[in-house]
Amino acid sequence: MIRYLKRGRDVQARHADDLAVRNTVESIIRDIEQRGDSAVLEYSKKFDNWAPEDFRLSQADIEQAMKSLSARELEDIRFAQTQIRNFAQIQRNSMLDVEVETRPGVFLGHRHIPVNAVGCYIPGGKYPLLASAHMSVLTAKVAGVKRVVATAPPFQGRPHPAIVAAMHLAGADEILVLGGVQAVVAMAVGTGSIAPVDMLVGPGNMFVAEAKRQLFGRVGIDLFAGPTETLVIADDSVDGELCAVDLLGQAEHGPTSPAVLLTDSEELAQATMREIEQQLLKLPTAGIAAQAWADFGEIIVCDSREEMLQKADEIASEHVQVMTRDPDWFLNKMTNYGALFLGPRTNVAFGDKVIGTNHTLPTNKAARYTGGLWVGKFLKTCTFQRISSDAASAEIGEYCSRLCHMENFAGHGEQANIRVRRYGSRAEVPWYEPVPELLA
């Protein structure tokens, strides 16, 4: 039996559309489309108190940011990027172009073609999320994207040097200090000073997420993202202190971030709740984490791991940390998750910052139908076909002609018929009629 020792707010209330946000974003998009750079400047001044002569950083600006960081800070950024680059390259190497002869003279194939231009949004208001630069800019570059524009809002009145360094070291071709809706709209539709991109990626607040939703179709996006989610699946092989740390470590993302413990041990559930209360007394970000836990934290107790599996796939969480005696059992059986973190030695923070997997992952149950950002998201898998012999063209043409006429597409059918006449031995095939079957 599945039972809740603590339940969060109603899911529908959590994910309800915010009409005010939607209307605000629609208005900003329309204004930037009409007035370009001048509108972007006004919104940047209004929302971020930031109105430079040029949002684009010069090489001298980038070098100044790099020099302001310590050797240790730069080495830590480089270490993280090496892990992420290595795994992204392994993923890219697994994606092979193919060409195969499916019938004599008929060749089919596909090529993986990088998107030409990508805009990467790196949040930097409440927290300077330099890790997002690794995850988006660097992964796009491994995929072979020619032009990567990276942007982040000013942090406390200036470009955040660690974010700038991360974007630069990841390989960004253009670095902007521009935040919010105005940043993603400017990259998507283009302005006088910013050329448009083909795809937008990266997390952001509810306004940025809504802007990406409204711009989808005009440009590609990575995925629709909501508040960070974490699910800890645990049994009595671990303790409440570890579970509490891992839940609150993600709850500090924001006041609407769900953090859920799923366990088959009521003793562990009770111990975790006690630990959370104690840790909230000393956690520096308790103001945020406590609200997230109060409103969206959950403790769910099951009678078996089969019940835990059922509930975990129903929740379809962005992050799923498995701390059980046999975490691979969940690896082999779970189907709905953004990323798995297996065993007590790893955790979501490792994935967020440094270990090498990408941290841009599906939320709001989107894990039911998509994975997260990876090198393949920046690649278009485009097919091609080639027919190398007259006989093959005529053979395929006969089948195609008849199939087209089943659908009442006479013009389509004639594309097939003309090739039957020219490349086969059936010059008598009539126009705009299905190719008759040859009698034995």
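Throughout these legends, a contact means heavy atoms within 4.5 Å. The model is a predicted one, in which local features need pLDDT of at least 70 and side-chain atom pairs count only at pLDDT 80 or more, while totals for chains, interfaces and linings use all residues. Residues are numbered from 1 along each chain as its sequence is written, and side-chain values use heavy atoms, with hydrogens and water left out.

View 1. Leaving aside neighbours within four places in sequence, Glu210 is in contact with Val21, Arg22 and Val25. Glu210 belongs to helix α9, which covers residues 206–215; helices (H or I, at least four residues) and strands (E, at least two) are DSSP runs, numbered from the N terminus. With a relative accessible area of 12%, Glu210 is buried, where buried means under 20% relative accessible area, exposed means over 50%, and partly exposed lies in between (1.4 Å probe, protein chains only). Its side chain makes a polar contact with the side chain of Gln214 at 2.7 Å. A polar contact is a pair of N or O atoms within 3.5 Å; within protein, one must be able to donate a hydrogen and the other to accept it, and residues adjacent in sequence count only if both atoms are side-chain atoms. An α-helix has 3.6 residues a turn, so residues three or four places apart point the same way.

**View 2. The annotated positions Tyr121, Gln182 and Asn205.** In an unreviewed entry, UniProt places the feature "binding site" at Tyr121, Gln182 and Asn205; UniProt positions are given in the numbering used here, feature names are shortened, and annotations may be inferred rather than shown by experiment. These three residues span 85 residues in sequence, yet no two of their C-alpha atoms are more than 12.7 Å apart, so they gather at one spot. Gln182 sits in helix α8 (residues 180–189) and is buried at 1% relative accessibility. A polar atom of the Gln182 side chain lies 2.9 Å from the backbone oxygen of Gly179, and, apart from neighbours within four places in sequence, Gln182 is in contact with Ile32, Val40, Tyr43, Ser44, Phe47 and Asp48. Asn205, by comparison, is placed in the loop between β7 (199–201) and α9 and is partly exposed at 46% relative accessibility; its side chain reaches the backbone nitrogen of Phe207 at 3.0 Å.

View 3. Thr228 lies in the loop between β8 (220–221) and β9 (230–234), and is buried with a relative accessible area of 15%. Setting aside its neighbours within four places in sequence, the contacts of Thr228 include Gln250, His253 and His319. His412 is found in helix α17 (residues 410–423) and is partly exposed, with a relative accessible area of 40%.

**View 4. Helix α10 and the buried residue Met323.** Helix α10 (residues 240–251) has twelve residues and reaches 16 Å from its first C-alpha to its last, close to the 16 Å expected at 1.5 Å a residue, the expected span being 1.5 Å times one less than the number of residues. The buried residues of α10 include Cys243, Asp246 and Gln250, and among the elements covering the buried residues are β9, α11 (266–279) and β12. Met323, in strand β12 (residues 319–323), is buried at 0% relative accessibility. Beyond neighbours within four places in sequence, Met323 is in contact with residues including Leu242, Cys243 and Asp246.

**View 5. Arg147 in strand β5.** Arg147 is located in strand β5 (residues 147–152) and is buried, with a relative accessible area of 17%. The Arg147 side chain makes a polar contact with the side chain of Glu174 at 2.7 Å. Leaving aside neighbours within four places in sequence, the residues in contact with Arg147 include Asn116, Val118, Lys141, Asp173 and Pro196.
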